[in-house]
Amino acid sequence: MLRPLYLALSIGAIALPAAAEDVNPVDVPAAQAAGLVRLADTFPGEIADAAFGDLDGGEHRLSDWQGQAVLVNFWATWCAPCREEMPSLDALQQAEGGEGFQVLTVAAGRNPPEAMRKFFTENGIENLPLLTDPRMELARSMGVVGLPVTVLIDRQGREVARLNGEADWASDAALDLVRALKAD
């Protein structure tokens, strides 16, 4: 009697509904069509909680932003695409940042503090935190292999999308994506 059920399950004949918490809050195909072509849909999953720091010697973890939607951007002072992208991340934080959403910019690898400050000054960055991951513990735990990489995290602390390379985070497509993430 159970054999037909097992057979049906094994070949996928019975579709089981996804749990509500497994539904991605962002419409990645729509964001891709609207201009964020390199955005990749990721199945909502728990993220690593490795420690990273700030230029004042403080230690942070992504769980410090629990309950908020977060855009984590991994960058470096020597990264030309990062230089192009950073002003739009700053504009995104200014437009949408607050209690329900934060842009976190994490310098991955060896980035001298004075070079990080100079990078922000030269690019007019005023709204973003200077966070650092010198041993790349957070970057490695999140599978970052190149720069820039941006990871979108929902309010439940799960990665829901990722973009390898630079993007215009002040674009209408990005704003719509972040607003959907915040609304979830």
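Student: Are W75 and F119 buried or exposed?

Tutor: Both residues are buried. Buried means under 20% relative accessible area, exposed means over 50%, and partly exposed is in between (1.4 Å probe, protein chains only). Keep in mind that this is a predicted model, where local features need pLDDT of at least 70, side-chain atom pairs count only at pLDDT 80 or more, and totals for chains, interfaces and linings use all residues. Residues are numbered from 1 along each chain as its sequence is written, and side-chain values use heavy atoms, with hydrogens and water left out.

Student: How many aromatic pairs are there?

Tutor: In general, you describe a pair of aromatic rings by the distance of the centres and the angle of the planes. Rings of Phe, Tyr and Trp (its six-membered ring) pair if their centres lie within 6.5 Å; planes under 30 degrees apart are stacked, over 60 edge-to-face, and the rest tilted. That rule gives four aromatic pairs here. One of them is F52 with W65, a stacked pair at 6.2 Å centre to centre with 15° between the planes.

Student: Which parts of the chain does that pair link?

Tutor: Distant ones: F52 is in strand β2 (residues 52-54), while W65, 13 residues apart from it, is in the loop between β3 (59-60) and β4 (69-75). Helices (H or I, at least four residues) and strands (E, at least two) are DSSP runs, numbered from the N terminus. F52 counts as buried because its relative accessibility is 4%, and W65 does so at 14%.

Student: What kind of aromatic pair do W75 and F119 form?

Tutor: A tilted one, 4.6 Å centre to centre with 40° between the planes.

Student: Now pockets! How many residues line the largest pocket?

Tutor: First the idea: on a 1 Å grid over the protein atoms alone, a pocket is an open set of points where a 1.4 Å probe fits, with protein on both sides within 12 Å along at least five of seven lines; lining residues have an atom within 4 Å of a point. Here 16 residues line the largest pocket, and I47, L62, S63, I153 and G157 lie nearest its centre.

Student: What about the second largest pocket, which residues line it?

Tutor: Among them are A51, F52, T132 and D133. Both β2 and β6 supply at least two lining residues each.
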